[in-house]
Amino acid sequence: MPQQEVVSEGLFTWPSEEPSLIASRRDGELSFPARPGDETVLLSRRGTLWGFTTQQFRPPSPPYDGNDTPEAFEPYALGYVELPGELLVQARFTESDPTRLRIGQEMELCIVPYTIRPDGTEVLTYAFAPVDEKAAS
Amino acid sequence: MSRASMTAAAVALPRSPVFGIVSCPVGPETREFEIGWDEHERDVDWAESLLRSAGLGSGDLVLITISTWEGPWTTPVVHALRRIGVTFLCAEVWSFDSRRTSMFLQRLPVKAIFGLGGETLTALEADEPPVAELLRDVEIVWARPDALPHLEDVAPQVVPFLLLGPALALGVPGQPGVKVDASEWAVDSVNGELVVSNARERLATFERVPTGIRGSVRAVDDGAVVIDLEMNGA
């Protein structure tokens, strides 16, 4: 198994069988990512797809830091997931085919590799997967 | 430098002699012509008046699906929306961007759509939710001629939006036909085809330009040429 690291400490609980996003609360209002010094809150792992788009070409780098090339780039989908009673979270999705995504469908948090460093370290970030896709896998 | 001070500095700069130079299809051929500042302001005034009479007001949400080459006709509408205080949402008029149109309609209380086209509707019809559901709460749809047949019995208030040669023609909910600014344009019907001429001086002169659109002039009333179109759904 390759060595792994998270893209940024404090974004999600890891390692974990059931990871959660780490938010914070101040004056009753949730923030994600968490604001330093505030009360920490673990967010719900499931929510509904609020809206999405697809990235069809390699974004400018920086900020994009994938280790691919324009030729090898694989399109991905991203958007907002509404966590009930909490907030909207922007995230990548594991499903890149827009015809298999629909507003309102149930999504679940997962942790996925998104790039590999030159030394072979796999970098992990959070994403959401359609619940039916997870069930099928 | 604040936005206000940048705007003030920009206003003080020498202004270009014309509002814009256009190269675009006018009726059956491509024409290049200039649009002056005065006539642009008059076009915005007219668009603002028509949009207000259609019921748009400050704070309303309007989805616009227009393309950049249509600027001579649609820029006055966009500027009028700004004047009114409308918040407008932009999506491409082409099928590849139909999901953005769908998302706006599902997620936001869109009061009107301006420029809905046949390509967008064809793409939406192949997807969920149904178009009738998407448009259920939209009060006004200014639809292009190729979209009108899709919208019969679907949207509550569908009125035409079309490029009538160099002139803009818009419907108003509850009123017959489409309207063209009579102070700027004269419209006639020749063997059933609408032709357009200047009604007053503009930088570009048009004289009985064929539009490729069939219809007849119903009346010249209250500053507008009212036209009955001969097309499905109009």
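Two strands are said to pair if DSSP finds at least two bridges between them. The legends below describe a predicted model.

**View 1. Strands S5, S6 and S7 of chain A.** Strand S6(A) (residues 76-82) pairs with strand S5(A) (residues 46-55) in the antiparallel sense, over 7 bridges. S6(A) is also joined to strand S7(A) (residues 88-93) by 6 bridges, and these two strands run antiparallel as well. Glu82(A) is the bridge partner of Thr48(A), and Glu82(A) stands opposite Leu88(A) in S7(A).

**View 2. The hairpin of S6(A) and S7(A).** Between the two strands of this hairpin are 5 residues, and Gly85(A) takes a positive phi near 75 degrees.

**View 3. Packing of helices H2 and H3 of chain B.** Helix H2(B) (residues 37-53) packs against helix H3(B) (residues 71-84) at an angle of about 60 degrees, the axes being 8 Å apart. The two helices are therefore oblique to each other, and their crossing is right-handed. Residues of H2(B) that meet H3(B) include His40(B), Val44(B), Ala47(B) and Leu51(B). On the H3(B) side, the residues include Val77(B), Ala80(B), Leu81(B) and Ile84(B).

**View 4. The largest nonpolar core.** This core has 60 residues, and those with the most contacts inside it include Ile113(B), Val141(B), Trp142(B) and Leu164(B). Strand S7(B) (residues 158-164) supplies the largest share, 6 residues. Leaving aside residues up to four places away in sequence, Ile113(B) touches Leu63(B), Val138(B), Val141(B) and Trp142(B).

Definitions and conventions. Residues are numbered from 1 along each chain as its sequence is written. Chains are lettered from A and ligands numbered from 1 in the order in which they are written. This is a predicted model: local features need pLDDT of at least 70, side-chain atom pairs count only at pLDDT 80 or more; totals for chains, interfaces and linings use all residues. A nonpolar core is a set of buried Ala, Val, Leu, Ile, Met, Phe, Trp, Tyr and Cys residues joined through C-beta atoms within 7 Å. A residue is buried if 20 or more other C-beta atoms lie within 10 Å of its own, exposed if 12 or fewer, and partly exposed in between; C-beta atoms are placed from the backbone. Helices (H or I, at least four residues) and strands (E, at least two) are DSSP runs, numbered from the N terminus. Two residues are in contact if their C-beta atoms, placed from the backbone, lie within 7 Å. Axes are lines fitted to C-alpha atoms, for helices over the stretch in contact, and angles run from 0 to 180 degrees between N-to-C directions. Angles under 35 degrees count as roughly parallel, over 145 as roughly antiparallel, 65 to 115 as roughly perpendicular and the rest as oblique. A crossing is left-handed if the near helix is turned anticlockwise from the far one by less than a right angle, and right-handed if clockwise.
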